[in-house]
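Colleague: I am new to this one. Could you show it to me and take my questions as they come?

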Amino acid sequence: MRAVSLERTTHPVLIFWIIAGWVGYLILPWYGVEGFWSFEWLVDGWPLDEDYAPAAVLIGMGQKLWLAPLLLALAAPLMVLGRRKTEPLYAKVLIVAGGFGFAWMVAQGLGIGLRGFNADWLTTLLGPLEDRQFGMGYGAMVTASAFLFLFTQGIAARGAINGDVFVTSAIGGVIAVVSVFVFFPIAKMLLAAFATDDGGYSVIGFFPKFLDNRIWGLGCLSDGRCGVAWNSLVLAVLVGVLTTLLGLAFALVLTRSGFRYKRLLRALTVLPIITPPFVIGLAIILLFGLSGTVTTSLAGLFGVEATRWIYGLPGILTAQLLAFTPIAFLVLIGVVEGVSPSMEEAAQTLRANRWQTFRTVSWPLMRPGLANAFLLGFIESMADFGNPLVLGGNFDVLSTEIFFAIVGAQYDQSRAAILAVVLLGFTLGAFYLQRFWLGKKSYTTVTGKGDAGVHPAMPRGLAVPVYAIVALWSAFTLVVYGMILYGSVVQLWGVDDTLTFKHYITAFRVSWGENGLRWTGSAWDSFWTTIMIATLAAPLTAAIGLITAYLLTRQDFAGKRAFEFGTMLSFAIPGTVIGVAYILAFNVPPIEITGTGLILVISFIFRNMPVGVRAGIASMSQLDKSLDESSLTLGANSWQTFRAVILPLLRPAILAALVYSFVRAMTAISAVIFLVSARYDMSTSYIIGRVENNDYGLAIAYSTALIFVMLAAVGLLQLLVGRTQIGRRTSHGEGH
Amino acid sequence: MTGINAKAASVRFENVSKVFGSKVTAVDNIDLEVKAGTLVTLLGPSGCGKTTTLRMIAGLEMTTKGSIFIGDKDVTRLPATDRDVSMVFQSYALFPHMTVMENVSYGLKFSGFDKAETKEKALAGLGLVGLTGYGGRLPSELSGGQQQRVAVARALVLEPQVLLFDEPLSNLDAKLRRQVREEIREIQQKLGLTVVYVTHDQEEALAVSDEIVVMRNAAIAQKGTPRELYEAPADAFVADFIGEANLIEVEITALEGTTATVRIADYTHRLPSRGLRQGPAKLAVRPSRMRLVAGAGDGVAAVIDKATYVGSRMEYTVTAAFGTVFAVLDDVVTPFQVGDAVTISFAASGPVLIPADQRR
């Protein structure tokens with residue numbers, strides 16, 4: 001029999017979080033311990049050693065007395081344990097206790113740091129503080145989470161979102177983590193935009209730097225050079241449009257043609273995703289550079305002089321197209337498959353020919369996907385750092401400028417921050433344009449009825465150019481990858497063409513010593529670190545991304561637009577800025593995680609989460625809402641609905657999110673280069689180091705090895721997640 | 001034997017309003033009572049608020065104002081999950097990635113039944129809708145009618161206090177529609193379920209309901225048994241919406257107790273006054289209650305405009321001094337021809353007086 005939860009007086013979720021709060025306060029070490037995953041503290045003086053002591057013990061020893069008020073907030077919820085949710089007291093106590101506890105933790109965390117009070121006015125107000133505190137540890141984290149979720153349960157009990165605990169907690173949780181790991185560091189970074197040389201802040205100083213000719217100049221229209229802002233904008237629009245069209249071409253060939261080798265094509269489109277970005281840049285130099293294979297052979301054939309034309313816009317554009325087309329493809333394949341065949345069949349029966357059907361039905365239904373793909377391409381191009389670094393020549397773009405502003409001789413934090421503001425403006429502009437274009441149309445095509453149709457083939461007029469484009473592009477991709485593979489086994493590119501495995505041996509040597517197996521290759525350290533970080537980051541990214549997408553498409557709550565903006569923000573900011581922002585924000589308490597593996601995992605989660613969100617939104621907006629509603633009326637709560645109905649239907653989106661975040665974690669460079677440490681070095685930063693030493697052979701060999709590892713990982717994930725059978729649809733090639 | 005019983009409960013709306021955004025009033029201050037074990041239909045043109053009313057019973061929409069009771073319990077603030085109500089959707093909303101059996105068992109899993117009970121109940125549900133043996137199929141492998149029955153079974157097996165149907169037959173062909181609606185009615189009566197049923201098809205409503213609630217412009221226009229609504233519509237809207245009706249402008253010339261004398265052109269007719277006063281009124285006459293006689297006689301002179309043979313009867317469009325009316329006669333052997341002069345009169349029972357002004 002269905003129990004009605006409002007009448008129950010036991011609340012398992014509430015009990016869980018109350019216990020969690022007490023465990024965090026009474027048992028776990030309150031402050032950060034050396035090494036997040038090491039449990040040395042258990043045998044090293046805990047719980048009485050003051051480095052490892054829980055908050056309660058510290059207070060007992062007369063230290064960190066500002067943690068004492070939290071006891072009140074922890075005790076209060078015990079009062080409501082036996083009460084009903086409908087009682088006003090229940091909601092009130094949880095909101096006050098959770099809210100106060102969380103706010104107090106934030107306030108003391110920001111207010112009290114390594115040297116007592118962090119701000120002068122606090123010292124003036126309260127007098128100097130003798131004590132000090134370090135970064136949050138397990139105890140503080142668990143207790144803070146407990147306060148947060150007690151608060152959201154209170155909000156739910158008051159009737160927000162129909163009293164849905166899962167949804168309110170999910171919203172609260174996502175807002176909290178996004179605030180801490182996106183807004184907080186970005187705010188610290190932006191504060192730097194107003195910083196003056198003498199350590200103060202000034203608004204007047206901001207504008208001349210913002211309107212600088214080096215950013216907004218239009219010299220290239222006459223004979224000079226344009227500002228970096230225009231360069232980035234032109235490049236990003238081109239990349240966005242072209243990747244969308246190329247991605248669409250691949251998606252169409254895969255779903256709407258009788259092409260036989262679809263699997264091969266699918267694999268080919270995945271290749272560039274699993275390639276560290278600068279590797280494509282390197283390969284393009286090997287092909288088209290001054291002494292590149294193509295350049296020299298063309299020069300020899302036609303007697304034209306070899307030039308450096310590839311450096312600049314053509315080179316970056318080509319490299320970014322190679323790198324980002326697959327992202328557009330991954331977004332579009334779901335959308336193109338999601339267009340209900342019966343719609344297209346209906347159009348055909350309404351006397352539309354195949355071309356008219358495509359133009360009037362299929363194409364408009366694909367529009368949300370197209371807009372998403374464009375947006376992703378645009379933002380990726382804006383934020384890309386590896387390719388412009390390798391291929392840019394005199395064509396400066398915002399992301400590299402930011403990098404040089406911070407790393408170069410200038411060391412000008414405020415200029416970097418100003419460039420970041422410009423970049424953010426562009427990406428947000430793209431975001432709103434996309435909204436405007438999509439309008440308010442409904443694109444729901446997967447309804448609760450089983451679909452028995454089959455996608456029609458493309459019209460001939462479309463098929464021919466699409467085939468041509470896909471064939472050309474595939475051939476080009478193959479050549480680029482051939483170059484990479486070949487480059488990894490020659491002695492010295494362009495000088496000594498003897499084949500050799502020495503680069504692989506240097507990087508990945510394994511020897512059998514007296515202590516058993518020894519990983520003596522120079523790459524192993526960074527390799528294992530990378531694998532570990534990527535494995536940790538991928539599922540977390542996918543989970544947060546999909547939950548966010550669920551909230552955005554399926555729930556209505558105040559401030560939803562702001563919420564969506566917040567979750568997209570980290571994606572709109574290039575990795576270089578994220579890297580610097582994280583260093584600024586997380587080098588000091590309350591969250592002190594620079595130099596750990598954790599900061600890498602976190603930066604990956606919040607850098608890549610928007611992809612999960614986008615993929616989730618694109619698929620979820622095609623699932624009819626009556627599916628959720630019928631599940632709810634059948635007695636499942638929103639969490640059960642999410643798990644049993646939405647998630648299984650979202651498998652393609654989950655796969656996309658998992659693959660993408662894993663691979664991005666292994667190939668990312670821009671943020672990583674700031675965040676790595678001697679203990680946690682990542683493959684990409686190690687490779688860049690090799691490139692800087694002109695050790696191209698080892699760099700390319702290592703990259704090739706990475707590509708194969710990721711290929712294996714992608715295949716494995718595809719196997720694990722599997723495919724959801726939702727219709728009788730068969731693809732055309734399989735004997736239909 | 002079936003393993004499925006009813007826990008039917010009543011539904012009560014008290015002053016319920018629903019406003020979307022700040023302006024759009026979908027439901028405006030309605031009171032409604034659905035007795036336990038009855039099938040009540042919400043009927044009305046699209047946009048009249050009937051689906052919103054249904055979704056408020058389900059808990060998929062929350063009221064802006066007023067209270068909803070299921071049984072004796074105030075459920076106004078309860079979300080859908082916690083209400084003992086199930087719903088059959090217009091699109092069926094079968095989960096495409098689950099088999100029929102999994103779909104039907106879905107709600108049972110969350111209701112605290114153990115595996116054996118769940119299976120037993122799901123099988124009983126499938127048996128009840130005549131789909132025994134289809135458990136292993138995917139929804140996409142079923143016909144429309146079968147999908148519809150799976151949706152019904154899925155809702156039924158939970159033994160809800162109230163079972164809701166949102167235009168369940170609109171995706172079915174006509175023949176199947178009659179069959180499925182009869183099945184729904186049969187199951188409802190057999191199990192004694194409380195059912196609230198939304199439709200815009202008046203014939204469907206008349207056929208299945210214990211009581212019909214006609215809605216218009218976010219409010220209730222009239223409620224009553226099918227016979228009451230058909231034979232004694234409260235106003236022109238209801239008269240026209242429930243079955244066709246000829247609305248003839250008349251003048252009430254005299255009142256004697258509850259009997260009114262009305263004048264239509266030169267003809268006078270006596271019928272119950274239904275509380276109306278002297279003055280202009282409207283006479284609602286079903287096409288089947290029109291009497292046509294050849295030539296001149298006691299009644300209103302008219303001319304046949306159109307004559308249509310539809311097999312079991314004749315349909316005529318007739319023009320008289322008061323306008324054009326529609327009449328249906330059973331005599332197919334010697335039909336009138338277009339242009340024939342006839343005299344119109346009305347059957348002794350059937351025509352009813354309604355107020356002249358339409359309340360809007």
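Colleague: How many residues does the largest nonpolar core have?
Modeller: In this predicted model, the largest nonpolar core has 326 residues. Those with the most contacts inside the core are B:Leu164 and B:Val196.

Colleague: Which helix gives the largest share of this core?
Modeller: Helix H14 of chain A, residues 313–338, contributes the largest share, with 15 residues.

Colleague: And what does B:Leu164 touch?
Modeller: Leaving aside residues up to four places away in sequence, B:Leu164 touches B:Val196 as well as B:Leu54, B:Ile57, B:Ala58, B:Val85, B:Ser86, B:Met87 and B:Val88.

Colleague: On to helices. At what angle do the axes of H2 and H4 of chain B cross?
Modeller: The axes of H2 (residues 100–109) and H4 (residues 144–156) of chain B cross at roughly 30° and come within 7 Å. Angles under 35 degrees count as roughly parallel, so H2(B) and H4(B) are roughly parallel to each other. Their crossing is right-handed.

Colleague: Which residues make the contact?
Modeller: H2(B) supplies B:Val100, B:Asn103, B:Val104, B:Tyr106 and B:Gly107, while H4(B) supplies B:Val150, B:Ala153 and B:Arg154. By class, five are nonpolar, two polar and one charged.

Colleague: Another topic: where is B:Val328?
Modeller: B:Val328 lies in strand E18 of chain B, residues 323–329. B:Val328 has 18 other C-beta atoms within 10 Å, and is therefore partly exposed.

Colleague: What does B:Val328 touch?
Modeller: Not counting residues up to four places away in sequence, B:Val328 touches B:Pro287, B:Ser288, B:Arg313 and B:Glu315.

How values were computed:
Residues numbered from 1 in each chain as written. Chains lettered and ligands numbered in written order. Predicted model: local features only at pLDDT ≥ 70, side-chain atom pairs only at ≥ 80, totals over all residues. Core = buried A, V, L, I, M, F, W, Y, C linked by C-beta atoms within 7 Å. Buried ≥ 20, exposed ≤ 12 C-beta atoms within 10 Å, placed from the backbone. Helix = DSSP H or I, 4+ residues; strand = E, 2+ residues; numbered from the N terminus. Contact = placed C-beta atoms within 7 Å. Axes fitted to C-alpha atoms, helices over the stretch in contact; angles between N-to-C directions. Parallel < 35°, antiparallel > 145°, perpendicular 65-115°, else oblique. Left-handed = near helix turned anticlockwise from the far one by under 90°. Nonpolar A, V, L, I, M, F, W, Y, C, P; charged D, E, K, R; others polar.
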